[in-house]
Amino acid sequence: MPETPSVARRSERARAAILAATTELIGELPYGKLSIEAIAARAGVGKQTIYRWWPSKGSVVFDAMLDRNAGPDGLALPDTGDIRTDLRTLLRGTVVALTDPVFESFLRAMLIELQQDSDLAATYRERLLLPERAAIADRLTAAVAAGQLRPDTNIELALDLLLGPVQSRWTLGLGNLTDDYADAVVDAALAHFTAQAPDQKP
């Protein structure tokens with residue numbers, strides 16, 4: 001039997017309260033001390049209400065992070081007409097997200113969760129990793145059509161060259177994730193797929 005409008009509204013309010021409570025607690029507690037009980041208490045709901053939508057703590061945290069970082073255009077990339085500018089904006093934003101002092105420890109904890117929870121790992125691939133790569137691939141394909149990248153550009157390789165260095169440096173804790181580093185990654189990747197050399201900084 002479908003939910004009545006009033007029940008649906010209450011359900012949506014409860015779901016929003018749970019995500020908001022999770023986001024607040026991420027800023028207050030280390031990941032190991034965050035619990036479904038704590039989230040339920042902060043949101044003013046029962047634990048079973050949380051388990052109605054999420055099977056584990058990791059899945060709630062993942063949705064809260066997605067909700068916090070969701071933009072009005074979803075995963076669509078900016079298109080200023082200049083692929084270098086757009087990719088620099090993308091990677092600079094990635095650096096900001098990965099080095100957020102509140103969320104970095106949770107991101108690292110989520111990385112461990114993904115290795116231990118195959119269902120959560122599948123959700124991560126389907127709802128974040130693959131859509132993100134598809135959005136960037138669309139922007140790269142548009143750049144090929146506009147003549148900004150070579151016609152023979154290997155889109156999958158370009159994605160790996162753009163995303164791999166930042167993700168690897170963050171995962172290994174090597175530091176030096178800055179705007180300058182993000183720009184250098186973009187320039188190095190584009191050097192393989194453009195006829196012109198990367199812009200030289202003064």
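Modeller: Gladly; let us start with a record. UniProt, in an unreviewed entry, lists residues 35–54 as "DNA-binding region"; such positions are given in the numbering used here, feature names are shortened, and annotations may be inferred rather than shown by experiment. This is a predicted model, where local features need pLDDT of at least 70 and side-chain atom pairs count only at pLDDT 80 or more, while totals for chains, interfaces and linings use all residues. Residues are numbered from 1 along each chain as its sequence is written, and side-chain values use heavy atoms, leaving out hydrogens and water.

Colleague: What makes up the chain over residues 35–54?

Modeller: Over residues 35–54 the chain is 75% helix and 0% strand, with the end C-alpha atoms 13 Å apart. The protein chain holds 9 helices and 0 strands.

Colleague: Why is Trp54 called buried?

Modeller: Buried means under 20% relative accessible area, exposed over 50%, and partly exposed in between (1.4 Å probe, protein chains only). Trp54 has 3% relative accessibility, so Trp54 counts as buried. Trp53, at 29%, is partly exposed. Across the 202 residues of the protein chain, 37% count as buried.

Colleague: How many aromatic pairs are there in the whole structure?

Modeller: A search finds 2. Rings of Phe, Tyr and Trp (its six-membered ring) pair if their centres lie within 6.5 Å; planes under 30 degrees apart are stacked, over 60 edge-to-face, and the rest tilted. Trp53 and Trp54 have ring centres 5.8 Å apart and planes at 65°, so this pair is edge-to-face. Phe62 and Tyr124 also pair edge-to-face, at 6.4 Å centre to centre and 75° between the planes.

Colleague: What does the pair of Phe62 and Tyr124 tie together?

Modeller: Phe62 lies in helix 4 (residues 57–69) and Tyr124 in helix 7, so the pair ties together parts that are 62 residues apart in sequence. Phe62 is buried at 6%, whereas Tyr124 is partly exposed at 25%.

Colleague: Which residues does Asp63 touch?

Modeller: Contact means heavy atoms within 4.5 Å. Leaving aside residues up to four places away in sequence, Asp63 touches Arg15, Leu19, Trp54 and Arg127. Asp63 sits in helix 4 and is buried, with 8% relative accessibility.

Colleague: How do you know that Asp82 caps helix 5?

Modeller: A side-chain oxygen of Asp82 lies 3.0 Å from the backbone nitrogen of Arg84, at the N-terminal end of helix 5. A polar contact is a pair of N or O atoms within 3.5 Å; within protein, one must be able to donate a hydrogen and the other to accept it, and residues adjacent in sequence count only if both atoms are side-chain atoms.

Colleague: What span is expected for helix 5, and what does helix 5 reach?

Modeller: The expected span is 1.5 Å times one less than the number of residues. Helix 5 (residues 83–98) has 16 residues and reaches 22 Å, close to the 22 Å expected. Its buried residues pack against helix 6 (104–116), helix 7 (118–145), helix 8 (155–171) and helix 9 (179–193).

Colleague: Where do the buried residues of helix 6 fall?

Modeller: They are Phe106, Ala109, Met110, Glu113 and Leu114. Seen down the axis, they fall within an arc of 150°, so they line one face of helix 6; the arc is that of the directions from the helix axis to the C-beta atoms.

Technical notes. Helix = DSSP H or I, 4+ residues; strand = E, 2+ residues; numbered from the N terminus.
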